[in-house]
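Hello,

Here is the structure we talked about handing over. My notes on it follow below.

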Amino acid sequence: MAAVLIWAFTRFSQTDRPEGGLPASADTGQDGATSDEDQVPVLKLVDPQASPATRSLFRYLQESRGKRILFGHQHATTEFIAVTGNPVQSDVHNATGDFPAIFGWDTLSIEGKEKPGISGNIEASRERLIEKMKEAHKLGGIVALSTHFPNFATGGNFYDTSVGAVEHILPGGSKNAEFNAMLDHVAYVANHLKDENGELIPILFRPFHEQNGSWFWWGARLTKTSDYIALYRYTVEYLRDRAGVRNFLYVFSPNGPFAGDEKTYLATYPGDEYVDILGMDQYDNQDHPGTKGFLNGLARDLAMINRLADAKGKIAALAEFGYSPQGMKTRGNGDLAWFTKVLDAIKNDPDARRTAYMQTWANFSTNGNLFVPYKNAALLGDHELLPDFIAFYEDEYTAFAGDLSGVYDRKAEAAVKDPFLHIATPTAGTEVVDSAVIRARVLHAEPAEVTFAVRGLAEHQPMTLDADTGYYMAIWQPDKSRIGGNAIIEVKASLADGTVLEDAVEIPVGSGEPPVAELLHDFESSDEGWTINNDSGGIWNTAGAAGPEPSTDAASSGGSSLKADFQLGGGSFELARVGDVDLSGALALEARALVRLGESADAGNGVRAKLYVKTGDSWAWTDSGEKVLDEGGFVTLRFDLSNVGGLEAVRAIGLQILTDPDSKGTASIWLDEVTLYRPAAP
């Protein structure tokens, strides 16, 4: 075992630094755990058997909300720009004299693809990661672990989006065993990460983040919402229930912005049963950093997430943030007060300020991967944002490792979990051909009987428990007459006390042929009934949009598309086609869109768009989530309809366009190839 060299450190503001001594406690506003057993909180944790230290960490983060925000750094001691004579290298420590409160690593280290791992030796890589995590713990920090698993379907890396892998690694998939083996390596690290007293060290575990983007193989373009939810649930259940991991707090972290909208944020939420920390990832723009639009939007999103956390008994976090996805430039950055501006935006909002922690990415290099300013680096000197980062550190509202005390000493109990049933396979919208293997989990209870039925067809049939996987299983073979239609599979679990748990999933029955694309609108000769909602302005057209009309200026196919002009500056509008239509059984809605800016216009953080449907008598709104449009060419917008109810009574379909508050000038949008996908008919 490698020796770990530790040296004392603390931090002070410039106004309260004592002469020749340390403060009585650096943990301002944080008392130790109460000795009154009646006041021991009962926490709603994902793991009802979470270790005492893990329960204490959750309580610590919960109690620190609104008092301090903990700062974290990925690869804080394994990647750095400046080399010093200190026994542990860290750009954060070199800049401030303190370590971050949270030390992050990724499963790439377990694979030997990132430090401290060793290429080609996963066993040695696990041990080295464990040692660095133990070192971080001794330095007073909290440990975090994210995941960038390889594409199990292709063998490529996490950026390989040539093939979606999720359906292949879920139960029954051809790569499920390989995925399980990777989870076993993660469990090994968790179960062997212990302090000097042999107690498990907690980990903030953040799997499959930024899932609403399209840059990872588990992202929205390749993964149905129902499949992502199933993947997250499977990962938690495997680690907790099969591998016996007891020291994880599970972090949910889609990519922002969300415009403060809870529904958009929760679109891929796996459920309260599976999440301890409500996080988000959000980066600024390297060319236009620190705008009011970004700062206000960040605070608005964090405020929304904090309110959700309050309602659900969770913790809110800015799980990943940075100057831009490409980090900072070595020189010539547009905002030299970026860190303090971000902090001020967070702490000045009464809800956003209750964010428990904020973690930035790793200093892999100065070329596109620089997220913490360096100090006195060879050939570089001090980074131009270093003074601002030091001011960020010295602000009383930020907490670094030297500020933490009593993190693992707090008493807390985990609440007893209510019985819970869910169908694991098939997932909603998954086409069934010939037969379907139905798998269901019954958690926190021993059922007397578990059965399934296809709604409206037959009586419930018994399901059999597979002791190896914990799933109740059955096989359903649909009649060929059902091809082209949908079926609703119901599962019921009867408990000994008479309680009945139920879950249901709607699936299309197909022939095995690819989905059929039905071109709804191509705008070759007319607007085809599409209008601007409230084209005279008002609540549905705050962007002053005009039009629409067929245009030959741009087209993704054919010679024409639908064009509308609008004003930038924070408003929004809708391009819509109103009219009753039956989309029952539809798999997805797609459209292509292009935006171009007027002369001297500035889009700020970009023009965003999302497809939507309005259903039922109440015209209930459901949408695809936002995607930034591109001036360089048409962008495909895809709306997975597999989890959308009421498709038999669609009142309108449309495209909502949203502009950034810091944008200015005029712009135009072209809409083309509105396409519906249905299962292949017999």
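Accessibility terms first: buried means under 20% relative accessible area, exposed means over 50%, and partly exposed lies in between, with a 1.4 Å probe and protein chains only. This is a predicted model, in which local features need pLDDT of at least 70 and side-chain atom pairs count only at pLDDT 80 or more, while totals for chains, interfaces and linings use all residues. Residues are numbered from 1 along each chain as its sequence is written, and side-chain values use heavy atoms, with hydrogens and water left out.

Salt bridges

A salt bridge here is a side-chain nitrogen of Lys or Arg within 4 Å of a carboxyl oxygen of Asp or Glu. The whole structure contains 35 of these salt bridges.

One of them pairs Lys115 with Glu79, at 3.8 Å from N to O. The two residues are 36 apart and belong to distant parts of the chain: Lys115 sits in the loop between helix H3 (107-111) and helix H4 (122-138), and Glu79 in the loop between strand E2 (69-74) and helix H2 (91-96). Helices (H or I, at least four residues) and strands (E, at least two) are DSSP runs, numbered from the N terminus. Lys115 is partly exposed, at 44% relative accessibility, whereas Glu79 is buried, at 11%.

Another salt bridge joins Asp310 and Arg354, at 2.7 Å from N to O. This pair also links distant parts of the chain, 44 residues apart, with Asp310 in helix H9 (residues 292-312) and Arg354 in the loop between helix H10 (338-347) and strand E9 (357-360). Asp310 is partly exposed, because its relative accessibility is 40%; Arg354 is buried, because its relative accessible area is 18%.

Arg354 also forms a salt bridge with Asp351, where the closest N and O atoms are 2.9 Å apart. Arg354, Asp351 and Asp310 belong to a network of salt bridges that includes Arg65 and Arg307.

Thr427

Thr427 lies in the loop between strand E12 (420-425) and strand E13 (436-443). Is this residue, Thr427, buried or exposed? Thr427 is buried, because its relative accessible area is 7%.

A polar contact is a pair of N or O atoms within 3.5 Å; within protein, one must be able to donate a hydrogen and the other to accept it, and residues adjacent in sequence count only if both atoms are side-chain atoms. The Thr427 side chain has such a contact with the side chain of Asp227, at 2.4 Å, and with that of Thr430, at 2.6 Å.

Regards
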